[in-house]
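Hello,

Here is the structure I promised to pass on to you. Please open it alongside this message, and my notes will follow just below.

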Amino acid sequence: MAVKIRLARIGKKNAPFARIVAIDSRKKRDGAFLEDLGTYDIQNSKLVHFHEERVNHWIKLGAQPSETVKKLHRMHKDSVAA
């Protein structure tokens, strides 16, 4: 099973919000996921929750993060380091 770490859209119409999830790559964008890894406020471009240790765990197991998740991971590291 190929696992990806990507965003799943949640929230109301015109109020987008995203959940960062580990999911089987063959599943739909908003389908059943393996683990919830955080949440992201799309309108304000800020992380609400981010479980960095779980993201790193999935990456060690071979999960491929999407480009957006890579950017969010870097953004989280920069905010923690500052």
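**What I found**

Arginine 54 is partly exposed, with a relative accessible area of 31% (buried means under 20%, exposed over 50%, and partly exposed in between, with a 1.4 Å probe and protein chains only). Before going further, please note that this is a predicted model, in which local features need pLDDT of at least 70 and side-chain atom pairs count only at pLDDT 80 or more, while totals for chains, interfaces and linings use all residues. Residues are numbered from 1 along each chain as its sequence is written, and side-chain values use heavy atoms, with hydrogens and water left out.

Let me begin with the charged pairs. How many salt bridges does the structure hold? There are five, where a salt bridge is a side-chain nitrogen of Lys or Arg within 4 Å of a carboxyl oxygen of Asp or Glu. One of them joins the side chains of glutamate 35 and arginine 54, at 2.8 Å from N to O. Because glutamate 35 sits in strand E3 and arginine 54 in helix H1 (residues 52–60), this pair ties together parts that are 19 residues apart in sequence. Helices (H or I, at least four residues) and strands (E, at least two) are DSSP runs, numbered from the N terminus. Glutamate 35 counts as buried, at 17% relative accessibility.

Another salt bridge links arginine 26 with aspartate 24, at 3.0 Å from N to O. Here arginine 26 is exposed at 66% relative accessible area, whereas aspartate 24 is buried at 9%. Arginine 29 and aspartate 30 also meet in a salt bridge, at 2.8 Å; arginine 29 is partly exposed at 48%, and aspartate 30 is partly exposed at 42%.

Aspartate 41 is buried yet has no salt bridge, and the nearest side chain of opposite charge, lysine 46, is 5.5 Å away (Lys and Arg count as positive and Asp and Glu as negative; His and the chain ends are not counted). A polar atom of the aspartate 41 side chain does lie 3.4 Å from the backbone nitrogen of glutamine 43. Not counting residues up to four places away in sequence, aspartate 41 touches Pro16, Phe17, Lys46 and Val48, contact meaning heavy atoms within 4.5 Å.

Next, the core. Which residues touch the most other members of the largest nonpolar core? Of its 14 residues, they are Ile5, Ile20, Leu37, Leu47 and Trp58. A nonpolar core is a set of buried Ala, Val, Leu, Ile, Met, Phe, Trp, Tyr and Cys residues joined through side-chain atoms within 4.5 Å. Strand E2 (15–24) is among the elements that give two or more residues to this core, and E2 gives the most, with three.

Leucine 37 lies in strand E3 and is buried, with a relative accessible area of 0%. The C-alpha atoms of leucine 37 and isoleucine 5 are separated by 8.6 Å, although the two are 32 residues apart along the chain. Leaving aside neighbours within four places in sequence, isoleucine 5 is in contact with residues including Ile20, Leu37, Trp58 and Val69.

Finally, E3 and E4 pair in the antiparallel sense over four bridges (two strands pair if DSSP finds at least two bridges between them). Glycine 38 stands opposite phenylalanine 50 in E4. The two strands E3 and E4 form a hairpin with four residues between them, and serine 45 in the turn has a positive phi of about 50°.

Best wishes

Notes. Polar contact = N/O pair within 3.5 Å; in protein donor to acceptor, adjacent residues only side chain to side chain.
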